[in-house]
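Reader: I am new to this structure. Could you show me how to read its features, step by step?

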Amino acid sequence: MSVKQQGVYAKSELLSPDENRIVEQMYAPKREVLTTSTDATLECTWDNVEDPDNIELVKWTFKGKRLREGNRYEYSSEGTTHRLLIKNVQKKDKGTYYCTPKVSGDQELAAGQFIVSVGKAKLPNAPDPREINLSEGGTGSLNCNYAEAKERYGLKQYWTYNGEKIKSETQVHKGSRTQYRTYSDEQGRDWLVLSEVDVEGAGTYKCNYKYPDKQIFSMQFDVNVSEVRGPADVIRNVTVNEDRYTQSLSCDLSALAEAGITSYRWEKDGEVVSNETDPGRIILTENGMQKTLEIDDLNSEDHSGVYRCIAELPYYPVALRFNVVVEPSRKERDFAPWSQWSTCDRQGKRYRFRTCIAEGCSDYYGFVYEVETAMCSENM
């Protein structure tokens with residue numbers, strides 16, 4: 001901070017002493033509030049000085065004592081302007097300061113006077129929060145312009161997310177994939193650039209400036225992230241009869257390889273399916289990007305439903321949906337009644353037969369009669 005006492009009066013030989021005193025009173029002391037924990041400069045400039053070198057020295061005084069250069073004070077001058085730098089302003093620096101010149105020759109120069117108060121910096125009212133709408137997977141930029149105060153008070157700038165200081169070097173927070181970087185441009189504006197935005201990256205961002213007296217000025221950005229919805233399921237309707245015994249559902253994910261598949265799974269009626277779901281009857285296999293779900297021992301009640309082969313992409317899932325209808329067996333209608341059980345053979349087995357009597361049996365079943373085998377009981 002620089003406080004100027006401009007045009008300190010130089011006494012004129014053309015005026016009487018009384019006239020000089022009247023004019024001198026027109027140059028009132030400079031009143032200023034300095035901010036604690038900052039450096040401040042008091043500056044005196046004398047007008048109408050023929051030769052700046054005539055000002056041999058300037059004595060700075062405070063509370064009746066001369067201020068010496070050192071840890072707290074520093075002198076500098078340029079032409080007829082002389083400055084006092086007060087380092088790390090404290091409350092005890094409140095009071096009246098004088099800059100008294102010593103001049104060679106006959107010219108007399110009046111002393112400059114500063115009446116200094118010390119207090120906290122007066123922060124401006126924060127602007128209303130700005131709403132920023134982004135899309136999942138997209139990018140966005142936040143910026144704040146507080147360059148003048150930042151330079152004047154030596155402010156420290158940092159960004160926060162939902163009240164927490166952003167600490168990671170690349171991610172907004174641990175629970176989000178949203179990337180960020182910060183920089184200041186040539187005009188002194190501070191930027192936060194977001195990329196690879198995900199829904200977890202939505203929230204309240206603040207651009208904060210910390211004053212030496214611990215006060216913080218913040219600008220708020222309310223960031224919304226809309227979820228990208230994937231395409232509708234590709235649907236295949238599958239109708240099969242229990243008599244077919246087995247049915248395979250095949251899902252080829254090779255077309256999605258470049259999109260970056262993070263995982264895949266099978267679901268039936270919204271529940272995840274694995275080889276443990278119905279051991280021996282539901283079998284999952286894969287051959288590279290070819291994923292297969294095989295249903296054995298088909299049963300209309302157990303196996304009818306909606307099956308989905310789901311590939312999780314970075315921002316949304318893609319699914320192939322099979323609407324599977326397993327019809328009850330037709331054999332009771334298409335086949336004649338079973339024959340009587342045969343007598344037991346040497347292996348202790350017995351047999352019975354039945355024949356398909358419906359039209360097209362060979363095409364539908366692949367056979368026209370079937371045999372059932374059973375072990376003979378000891379009581380037979």
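This is a predicted model: local features need pLDDT of at least 70, side-chain atom pairs count only at pLDDT 80 or more; totals for chains, interfaces and linings use all residues.

**Reading the features**

Author: Gladly! Strand 2 runs parallel to strand 9 (residues 112-119), and six bridges link the two.

Reader: Which residue is the bridge partner of T35 in strand 9?

Author: That partner is G119.

Reader: In what order do the strands of the open sheet lie?

Author: Five strands make up this open sheet, and the order is 2-9-8-4-5, with mixed pairing. Strand 2 (30-35) and strand 5 (65-66) are at the edges; each has a single partner strand, so one side of each has no neighbour in the sheet.

Reader: Now a single residue. Where is G366 found, and is G366 buried or exposed?

Author: Look in the loop that joins helix 5 (361-365) to strand 27 (369-375): G366 is there. A residue counts as exposed when its relative accessible area is over 50%. G366 has 59%, so G366 is exposed.

Reader: How many Å separate the C-alpha atoms of G366 and N71?

Author: The separation is 104 Å, and the two residues are 295 residues apart along the chain.

Reader: What is the average pLDDT of the protein chain?

Author: The average is 88, and 92% of the residues reach at least 70.

Notes: Residues are numbered from 1 along each chain as its sequence is written. Side-chain values use heavy atoms; hydrogens and water are left out. pLDDT is the predictor's confidence in each residue, from 0 to 100. Helices (H or I, at least four residues) and strands (E, at least two) are DSSP runs, numbered from the N terminus. Buried means under 20% relative accessible area, exposed over 50%, partly exposed in between (1.4 Å probe, protein chains only). Two strands pair if DSSP finds at least two bridges between them.
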